[in-house]
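Here's a quick briefing to read alongside the structure.

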Amino acid sequence: MHDFDKGLAMRADAYVEDLFVPPDEGLSRGLEDAEAAGLPPINVSPNEGKLLHLIARIARASRVLEIGTLGGYSTTWLARALPPQGRLVTLELEPRHAEVARANLARAGVADRVEIRIGPASASLRALIEQHEPPFDLVFIDADKEGYVEYLDLSLRLVRRGSVILADNTLRRVLDGDPSADARGIEAFNERIAAHPRLDSLILPIIRGHLDGLSISIVA
Ligand code: SAH
Ligand code: DHB
Ligand code: MG
């Protein structure tokens, strides 16, 4: 039995990526353009993108809500999981990020299925609730970490029984013993999904150079 070390974890991640995530021109050009535009390289990894895609397909999601677009990398993975009439709404604070994402989503061939809403996610979520938007089948939370609890509570008003709620980055800041508001936000989020009467949840460890986590919840 191997000791569990960082080298082994990274080799496992690379092995899986080589086998199951073939190089994709649309996705890699999108990352290059995001980098050239000065966006931070904090998109999900290729394997985590594939995981989001598979979860959306397993859930047969036709309406997806994403909170935190950046350059549209995770958006592309999720949008490609949609059936022909499916829709994805993604929320982004920074107009500059949304602009890069819009070009990347067009190149990836999914722009027709995706709506980007610019502004603070809490306001966009409240607007969706007031509009009586039909329920989303899957929500992916990946914006500012301090906002996670609020995004969860608002998302719960936009889903149905059986919907899936995912959240990125739910392990590293907590394991690091990071004293930041971000870490406290994640810790509060994790405790909330663990105790919530409408949710059955787990956090899946994710390797991305370092160890982080993706939380997975199903709505009762
Ligand atoms: N999901 C993306 C990465 C998102 S990074 C991917 O994996 O490809 C987090 C994004 O959340 C950044 O683009 C940031 O601008 C955005 N963000 C930060 N605070 C926000 C807020 N209050 N409302 C909406 N988006 C926010
Ligand atoms: C970082 C990573 C993320 O996936 C994210 O959503 C925000 C920040 C980071 O590595 O700093
Ligand atoms: Mg993230």
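A metal's donors here are N, O and S atoms within 2.8 Å of the metal (3.2 Å for Na, K and Ca), and with water not among the atoms, a site may look incomplete. Keep in mind that this is a predicted model. With that said, let's start at the metal, then go through the helix pairs and a handful of individual residues.

**The magnesium site**

- Which residues coordinate the magnesium ion (ligand 3)? The donors are Asp142 (OD), Asp168 (OD) and Asn169 (OD1), sitting at 2.0 to 2.1 Å.
- Along the sequence, the donor residues of the magnesium ion (ligand 3) follow the spacing D-x25-D-N.
- Asp168 counts as buried because its relative accessibility is 4%, and the cut-off for buried is under 20%.
- Asn169 is buried too, with a relative accessible area of 14%.

**Helix pairs**

A pair of packed helices is described by the angle between the axes and the distance between them.

- Helix α2 (residues 25–36) and helix α5 (residues 95–107) have axes that come within 9 Å and cross at roughly 160°. That makes α2 roughly antiparallel to α5, since angles over 145 degrees count that way.
- The α2 and α5 crossing is right-handed. On the α2 side the contact uses Gly26, Arg29, Gly30, Asp33 and Ala34, and on the α5 side it uses Val100, Asn104 and Arg107. Sorted by class, the contact of α2 with α5 has two nonpolar, three polar and three charged residues.
- Helix α6 (residues 121–130) and α7 cross at roughly 5°, with axes that come within 10 Å. So α6 is roughly parallel to α7.
- From α6, the contact takes in Ala121, Ser122, Leu125, Arg126 and Ile129; from α7, Glu150, Tyr151, Leu154 and Ser155. By class, the contact of α6 with α7 divides into five nonpolar, two polar and two charged residues.
- Helix α7 (residues 148–155) also pairs with helix α9 (residues 181–195): their axes come within 8 Å and cross at roughly 35°. Here Tyr148, Val149, Leu152 and Asp153 of α7 meet Gly185, Ile186, Ala188, Phe189, Arg192 and Ile193 of α9. The contact of α7 with α9 has seven nonpolar residues, one polar and two charged.

- Arg60 is in the loop between α3 (46–58) and β1 (63–67). Is Arg60 buried or exposed? At 71% relative accessibility, Arg60 counts as exposed.
- Arg63 is part of strand β1, and Arg63 is buried, with a relative accessible area of 17%.
- Arg60 and Ser163 are 103 residues apart along the chain, yet their C-alpha atoms are separated by 10.0 Å. For Arg63 and Ser163, the C-alpha to C-alpha distance is 10.0 Å, with the two 100 residues apart in sequence.
- Leaving aside residues up to four places away in sequence, Arg63 touches Leu82, Arg87, Glu133, Pro134, Pro135, Phe136, Asp137 and Leu138.

**Positive phi values**

Most residues other than glycine have a negative phi.

- Leu70 isn't a glycine, but its phi is positive, near 50°. Leu70 lies in the loop between β1 and α4 (73–79), and Leu70 is buried, with a relative accessible area of 13%.
- His132 isn't a glycine either, and its phi is positive at about 55°. You'll find His132 in the loop between α6 and β4 (136–141), where His132 counts as exposed at 69% relative accessibility.

Methods
Residues are numbered from 1 along each chain as its sequence is written. Chains are lettered from A and ligands numbered from 1 in the order in which they are written. This is a predicted model: local features need pLDDT of at least 70, side-chain atom pairs count only at pLDDT 80 or more; totals for chains, interfaces and linings use all residues. Side-chain values use heavy atoms; hydrogens and water are left out. Axes are lines fitted to C-alpha atoms, for helices over the stretch in contact, and angles run from 0 to 180 degrees between N-to-C directions. Helices (H or I, at least four residues) and strands (E, at least two) are DSSP runs, numbered from the N terminus. Angles under 35 degrees count as roughly parallel, over 145 as roughly antiparallel, 65 to 115 as roughly perpendicular and the rest as oblique. A crossing is left-handed if the near helix is turned anticlockwise from the far one by less than a right angle, and right-handed if clockwise. Contact means heavy atoms within 4.5 Å. Ala, Val, Leu, Ile, Met, Phe, Trp, Tyr, Cys and Pro count as nonpolar, Asp, Glu, Lys and Arg as charged, and the others, Gly among them, as polar. Buried means under 20% relative accessible area, exposed over 50%, partly exposed in between (1.4 Å probe, protein chains only).
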